[in-house]
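Me: I'm new to reading protein structures, and I'd like a close look at one part: the salt bridges. Could you walk me through them, and through what surrounds them?

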Amino acid sequence: MRAWWAKLTALFSRHRLDDELSAEVEAHLQMVVDANLDRGMTPDEAWQAARRGFGNRTLIRESAREVWIFHGIETLLQDVRYARRSLAKSPGFAAVTLLSLTLGIGANTTIFSLMNALMIRPLPGVDQPDGLVRLTNGSFSYPMFEALQSRRLFTHTVAFMQRRIPAEVNGTTQWTHTELASGDYYSALGVHAMIGRTLSSNDERTRAPVAVLSHAFWTRALSADPGVLGRIIHINQQDLRVVGVTPPEFAGIVVGFPTDITVPVTLASSLLTEVGSDILTNRDDYWIELMGRLPPGRSLTQIDAQLQVAWPQVLAVSAADRNRSTLLAEGTRLLPAGNGFSRLRRTYASPLYVLMGLVGLVLLIGCANVANLLLARGAARQREFAIRLAIGAGRGRVIRQLLTESLVMATLGAAGGALLASAGARLVVGLISVDQAPVLLDLRADWRVLLFSIGVTTVTALLFGLAPARRAVRVDVASSLKAHTRVVSGLGIRLRGGLMIAQVALSMLLAVGAGLFINSLRQILAVDAGFDPTSVLLVRASVTEAGYRGRRTIQFYTELLDRLNSRPTIQAAALSLYPPVSRGAYSSDNISIDGVEPRTDQGHLALRNFVSSRYFETIGQKVVRGRTFTELDRHGAPNVAVINETLAHAFFGSDSPVGRKFDPRGGRQFDWEIVGVVQDATYTSLKDQPKPVVYVPCAQGADVFAFLQGRDMFLEVRSAAVGSFLAGEVRETIAQLDARVLVETEALQTYVAGSLAQDRLLALLSGCLGAISLLLVAIGLYGVMAYSVSQRTSEIGIRMALGARPAAVLSMVFREGFLLVLAGVIIGAALALASSRVVASLLFGITPRDMGAFAGAAGVLALAALFATLLPARRAARVDPLVALRNE
Amino acid sequence: MSTVERLSERLEFLQGTLEVLILRSLALGPNHAYGISQFLTQESDQEFIVDNGSLYPALQRLLQRGWIAAQWKTSPNGRRAKYYRLTPAGRKQLLVATSKWQRFVLAMGRVLASEG
């Protein structure tokens with residue numbers, strides 16, 4: 001132990017060893033000088049002769065020190081070789097251990113690499129990302145950006161927005177992520193062009209029709225054409241001249257959705273179909289995000305303090321008077337932006353934290369499993385340790401050897417885990433890719449992931465290795481060598497029982513979590529959506545981007561509907577501004593109804609959707625009263641509207657609203673007539689409570705609401721035809737009308753399911769983790785029970801010799817296992833109750849104390865325990881008393 | 001002083017021999033590095049001149065194996081020096097190594113003589 005300690009301290013205290021060596025060498029030299037003086041040399045001669053004969057003192061010190069370093073490495077290699085041999089000798093043990101560790105470490109690395117990619121990793125290709133900051137609370141208007149920029153709080157002030165829009169390159173139109181950015185964008189990021197140039201402030205000021213392509217887009221859309229500069233691409237019928245390509249490592253600043261094209265932000269009104277021509281001066285349009293680079297040497301806190309002073313002044317010149325007080329009260333704050341912007345972060349941050357906790361539990365269970373196996377193995381290897389201690393191995397040396405074995409196993413587990421993680425992380429990204437644009441996260445392992453897995457591996461090895469190693473060397477050398485039979489140590493059994501209970505408790509916690517998320521998802525799926533998404537195809541066509549404006553947009557859609565509705569395979573086709581489950585997007589406004597005041601707290605506020613005739617028929621939303629829209633409810637005909645049950649109830653209670661007049665703009669012009677009431681349907685998300693909704697025919701709505709003329713609509717098509725065939729038919733019909741229009745289709749059912757991505761992710765992953773933990777617990781319990789039975793073979797033999805029947809022995813073993821599991825389940829349930837607050841916000845329709853989840857978890861654990869105990873119990877019952885006693 | 005004809009070069013230590021010789025020198029009692037190198041030079045009739053670049057690493061290796069131990073003491077002429085002494089394990093090792101060397105020398109001698 002002392003020698004080991006000396007080596008360890010030598011490794012860590014280089015300096016002390018060095019000081020000591022140099023003192024020794026100097027003393028040595030002094031003695032040579034003394035001897036030379038005795039021989040009659042002058043002091044100068046004596047020194048010179050001594051130095052000459054002595055050799056290079058620094059070299060001597062270094063070579064003496066190296067002895068220690070090489071020794072350390074050599075013994076480590078020796079230990080590793082030994083560990084490999086001893087693992088190879090027991091393949092069953094090695095397999096179970098590796099499985100436990102691979103699953104545990106792999107699950108942890110999976111979740112961590114997702115968190116890393118989504119939340120931690122600094123933007124690649126960006127110069128000094130930690131100097132980037134953003135302003136909180138959503139979007140800002142362009143005047144706000146200009147006012148902030150003139151305050152010069154930042155070295156660079158940047159405005160940007162990313163949009164998924166079609167672009168025509170090389171004669172083909174394709175979807176792109178286009179970023180509209182202010183002139184300082186690339187200077188702020190410190191990104192230089194690989195070919196040509198990036199955007200400049202001049203481009204922003206002069207509204208230059210130029211575009212900078214990303215390396216990925218340049219490669220994908222232009223086959224990395226070296227003569228790309230000067231080529232023209234088209235967005236929304238506008239010509240844009242390519243002036244540069246960014247380097248391959250830079251992928252924009254929106255995590256998950258790499259930017260393809262960057263254009264000056266001042267082109268917004270000509271490139272975006274839904275914004276007005278006054279977008280750059282409009283004080284009510286909040287559409288850009290703000291970012292800045294901190295001046296060198298200034299901290300975020302310092303600049304934030306300055307921002308708090310400057311913000312009211314910014315708002316004084318940039319906000320509309322009626323909004324100013326709201327905006328002032330809301331305020332703004334600086335946050336670090338070095339890890340980019342992400343809309344995924346909001347949705348998936350808390351699920352990822354919860355999952356990180358769950359995978360941590362799985363790893364702990366795995367560790368307990370391996371520790372248990374090691375304890376059993378330690379008992380079997382007791383004689384080996386006793387011999388090694390007897391022939392003079394230090395206890396420290398044996399502990400070190402055992403810990404090296406643990407580390408070797410953990411490292412192998414980590415290697416397997418890394419493979420598992422790369423597959424797992426991709427799977428998860430697939431699960432959250434629910435929008436039309438797939439999520440592209442950079443999942444490559446970087447030093448953070450590496451450091452994380454090294455850390456996890458080391459901690460894991462210590463967790464499962466230390467206790468068994470310390471127990472292993474606590475043997476009484478004399479008695480273990482003398483005894484013929486193995487010495488059963490009560491402490492080992494107690495420790496193993498304790499570990500088993502802890503394992504069951506953790507597994508219970510996990511199983512309850514899984515049960516909660518699965519039940520929550522079931523609750524959501526059981527919600528009556530109020531419409532029938534089966535056999536409906538959802539279609540998005542980029543009509544406005546193909547150049548349609550104003551009434552021509554409506555005409556295009558009307559013509560399209562006529563053609564689709566005349567096809568024999570199509571039962572009904574309709575349009576709506578928002579699809580049935582819109583994932584958040586919905587416009588709302590106050591309405592007022594002639595002579596009636598709302599009876600609920602909701603007040604006058606109602607959601608608004610613009611739909612064509614046959615919409616309700618197409619999506620299968622039932623009519624409760626009156627009628628729905630027909631072809632006759634067109635431009636010029638009397639204005640009509642349909643409301644939903646919640647709105648009808650809010651204003652009219654049980655009276656009929658049909659025939660009443662109202663103003664959908666909240667004013668006093670009651671020139672719209674309510675002609676029908678439809679059943680409540682889910683609007684923004686399946687999890688929402690029903691809200692009051694007004695449906696307006698889009699042909700009539702376009703007269704009153706100008707914005708409708710510049711908006712793409714969703715197309716819903718109901719047909720018994722197979723999805724892909726139907727989609728082909730729709731595409732063909734649209735292409736006949738205008739080949740430039742890009743079409744995207746998706747089954748409405750898939751679209752609806754997409755809004756549940758977060759819930760599905762949690763239910764699926766926690767379910768998987770729960771299953772893994774059950775497997776591990778079952779293996780662990782089997783190990784403990786089998787060991788206990790084998791230790792008690794002679795006791796069981798005596799009991800049977802004295803008349804115990806096999807059934808009694810069977811129940812004795814079951815009782816032992818059952819008590820362990822019961823204790824674990826109770827502790828686990830208590831833990832789950834205590835930590836229920838953490839998951840409450842992620843659940844729908846159930847409380848975190850859901851009885852079903854608790855009962856189910858306990859039941860599943862009991863079942864797993866039953867199976868794990870079955871084999872050892874049967875072996876115990878089959879003990880032959882004669883054989884057992886003969887061994888005694 | 002020497003009866004043996006001087007070789008043009010001094011003898012090199014074979015692998016591991018210096019360690020044995022150090023153990024041997026310490027069998028007489030604790031000594032410091034300078035004392036050990038003086039002892040080896042004198043006892044070998046100046047055949048072995050100990051290079052400090054080999055002596056110090058050898059001392060560290062012996063410390064590692066627990067065959068010697070070290071302690072700072074004041075030498076008779078009043079200098080502080082690090083004194084090495086044999087541990088019981090070192091004493092055992094010296095016996096083992098000595099008998100091995102003697103067998104080795106005898107065997108070498110026999111083979112070389114039969115050839116001559």
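Reply: Happy to! Let's begin with a term for the surface: patches are made of residues with over 30% relative accessible area and no salt bridge, and nonpolar side chains are joined within 5 Å. Keep in mind that this is a predicted model.

With that term in hand, look at chain B. B:Leu14, B:Phe104, B:Val105, B:Met108 and B:Leu112 make up a nonpolar patch on the surface, and together they have about 490 Å² of accessible area. One of them, B:Leu14, lies in the segment before α1 (17-27) of chain B. B:Leu14 has a relative accessible area of 52%, so it is exposed.

Now to the charged side chains you asked about. Over all chains, the whole structure holds 21 salt bridges. One of these links the two chains: B:Lys82 pairs with A:Glu24, and their closest N and O atoms are 3.9 Å apart.

A:Asp738 forms a salt bridge with A:Arg740, with 2.7 Å between the closest N and O atoms. A:Arg740, with a relative accessible area of 38%, is partly exposed.

Another pair in chain A is A:Arg799 and A:Glu795, whose side chains meet in a salt bridge at 2.9 Å, N to O. Why are they about one helical turn apart? The two residues are 4 residues apart in helix α26 (residues 793-801) of chain A, and therefore about one helical turn separates them. A:Arg799 has 39% relative accessibility, so it counts as partly exposed. A:Glu795 is partly exposed as well, because its relative accessibility is 29%.

Finally, a word on another kind of link. A disulfide is a covalent bond between the sulfur atoms of two cysteines. Searching the whole structure turns up 0 disulfides over all chains. Among the cysteines, A:Cys367 counts as buried because its relative accessibility is 4%, whereas A:Cys768 is partly exposed, with a relative accessible area of 40%.

Key. Residues numbered from 1 in each chain as written. Chains lettered and ligands numbered in written order. Predicted model: local features only at pLDDT ≥ 70, side-chain atom pairs only at ≥ 80, totals over all residues. Heavy atoms only, no water. Disulfide = S-S within 2.5 Å. Buried < 20%, exposed > 50% of the residue type's maximum accessible area, 1.4 Å probe, protein only. Patch = residues over 30% accessible without salt bridge, like charges linked within 9 Å, V, L, I, M, F, W, Y side chains within 5 Å. Areas by Shrake-Rupley, 256 points an atom, 1.4 Å probe, with all protein chains shown as cover. Salt bridge = Lys/Arg side-chain N within 4 Å of Asp/Glu carboxyl O.
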